[in-house]
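Biologist: Please show me the two chains, and then let us go through them question by question.

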Amino acid sequence: MHCLEFRERAGQWMEGEQVAELAAHLEVCPRCKVLVSELEAIRATAGGLPEVEPPPHLWTNIRAQLESEGRIRQRSWFAWTGEAFFSLSKPAMAGAYFALLFAAAVWIGVQASRGPGAESALGKESPTVVLVRTDAERFMSGATAKIRVQDPIVAASYRENLALVDKYIALCEKTIREQPLNELARAYLYGALQQKAELVASLMERGTVGEE
Amino acid sequence: MARARRFETVELAEGEAIRRAQRGDSAAFERIYRLHSRRVYSLCLRMVGNPAEAEDLAQEAFLQLFRKIHTFRGESAFSTWLHRLVVNVVLMRLRKKAVPESSLEELTEPDEESGGPRRDVGEPDTVLTGSIDRVNLQRAVDQLPPGYKMVFVLHDVQGYEHNEIARLMGCSIGNSKSQLHKARMRLRELLQETERERARQERQAKSEAAGNAPADAK
């Protein structure tokens, strides 16, 4: 067998087909032996390429699109808590409710400030919205502090993500205070607050609550 | 000591999640997404080599899935159904990008004039030294024609068997095997090209250092 023919049929060898003429050629041809070892190295390296975690906002984007198309129904808080009533403790149930309320309150605040002629600074949000957000934020911080996640890696990941989101929220708020008309910062703030609400809700779903 | 009580988070089985998603349950959609998102996103990323575009493709694939989920009747495995959809979304995008209105042959058999790296007849193969660098391999994969790339990524990266690839891509098992072999051979050529370029740069750096030596000594 000529090397050229071996190269064309090397795929059979790589598939584990025991073809006598291919084996015979490999016995006598160091160049084709190198070819096979290189193809095997390519296969092995490719097999070691890790799977990659998609960015966290991908699901948020998909869900938002599906909601806008009316393909998924957002569970009402009543249905949400009703289904989980017997499995969740009261703080978790209340926490989930507050997480939703928190997102809703922020949404109202942002939308209100976007309206025609509305004031754009954070400080100009309606007093009710500010009050609800402050209460919800205080509740979420308190509830978050009580939750324990058994897996230390997961717990660390939650801590890290919450710290990151908090930092991001502070940065957005600072930017908006300095540049009240910065719509991009406002949109980012809205996204960050939603993410925090989602994180806390997820933490409550996965975690345990310490009871003295 | 604080007593901990576990919240009962019910992880829906895939079948139940599909049934609930068909009724529009948001949590069921999310469960399906969480079950498959890593694999889907990784396939998109390996195929386009660009995180933003991979995200866009994964989003498109999941949106198509959720828009059609009410038509899923369970005759085939759900994962096969989903991955066939992802493969189609990715190939459609790559075909649009690569050659407008091109035939399948053009996408798998590149033009001899502009195809893979060409070498003079009789030039010895460059031996790939040591283990293959993952970054170089990904760069080489990025240069494969879409058809080769899809079979290579599905088989060698994601671990699908040829019969599964044939189902996903709507081709024969023999075609899948042949495409895979051609993909690996082209990757080898591309990696050898990288190796030759690295060696050339090394030689150039050495000769420059040698050329500069007397001037430095002055």
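Biologist: Which pattern does chain A follow, read along the sequence?
Modeller: This is a predicted model, in which local features need pLDDT of at least 70 and side-chain atom pairs count only at pLDDT 80 or more, while totals for chains, interfaces and linings use all residues. Residues are numbered from 1 along each chain as its sequence is written, chains are lettered from A and ligands numbered from 1 in the order in which they are written, and side-chain values use heavy atoms, with hydrogens and water left out. The secondary structure of chain A comes to 9 helices and 2 strands, where helices (H or I, at least four residues) and strands (E, at least two) are DSSP runs numbered from the N terminus. Along the sequence, the pattern of chain A is α-α-α-α-α-α-α-β-α-α-β.

Biologist: In what order do the elements of chain B run from the N terminus on?
Modeller: Chain B has 9 helices and 1 strand. From the N terminus on, its elements run β-α-α-α-α-α-α-α-α-α.

Biologist: What percentage of the 218 residues in chain B is buried?
Modeller: Buried stands for under 20% relative accessible area, exposed for over 50% and partly exposed for what lies in between, with a 1.4 Å probe and protein chains only. In chain A, 38% of the 212 residues count as buried. For the 218 residues of chain B, the buried share is 43%.

Biologist: Among the contacts in chain B with a separation of 6 or more, what share do residues 24 or more positions apart account for?
Modeller: A contact is counted for heavy atoms within 4.5 Å. With a separation of 6 or more, residues 24 or more positions apart account for 62% of the contacts in chain A. In chain B the corresponding share is 67%.

Biologist: What distance does helix α4 of chain A reach from its first C-alpha to its last?
Modeller: Helix α4(A), residues 57-68, has 12 residues, and its buried residues are A:L58, A:W59, A:T60, A:I62, A:R63 and A:L66. Just after α4(A), A:G70 takes a positive phi of about 70°. The expected span of a helix is 1.5 Å times one less than its number of residues. The distance reached by α4(A) is close to the expected 16 Å, and is itself 16 Å.

Biologist: How do α1(A) and α2(A) lie to each other?
Modeller: Axes are lines fitted to C-alpha atoms, for helices over the stretch in contact, and angles run from 0 to 180 degrees between N-to-C directions. The axes of α1(A) (residues 3-14) and α2(A) (residues 20-28) come within 10 Å and cross at roughly 120°. Angles under 35 degrees count as roughly parallel, over 145 as roughly antiparallel, 65 to 115 as roughly perpendicular and the rest as oblique. The angle of this pair therefore makes α1(A) and α2(A) oblique.

Biologist: What distance apart are the axes of α7(B) and α8(B)?
Modeller: In α7(B), 12 of its 12 residues are buried, and α7(B) is followed by B:G159, whose phi is positive, near 80°. Helix α7(B), residues 146-157, and helix α8(B), residues 162-169, pack at an angle of about 135°, and they are therefore oblique to each other. On the α7(B) side the contact is made by B:G147, B:M150, B:V151, B:L154 and B:H155, and on the α8(B) side by B:H162, B:I165, B:L168 and B:M169. The axes of the two helices are apart by 10 Å.

Biologist: Which residues is B:S37 in contact with, leaving aside its neighbours within four places in sequence?
Modeller: B:S37 lies in helix α2 (residues 26-48) of chain B. Its relative accessible area is 4%, so B:S37 is buried. Leaving those neighbours aside, the residues in contact with B:S37 are A:P54 and B:F62.

Biologist: Is A:L164 buried or exposed?
Modeller: A:L164 lies in helix α8 (residues 152-178) of chain A. Its relative accessibility is 57%, so A:L164 counts as exposed.
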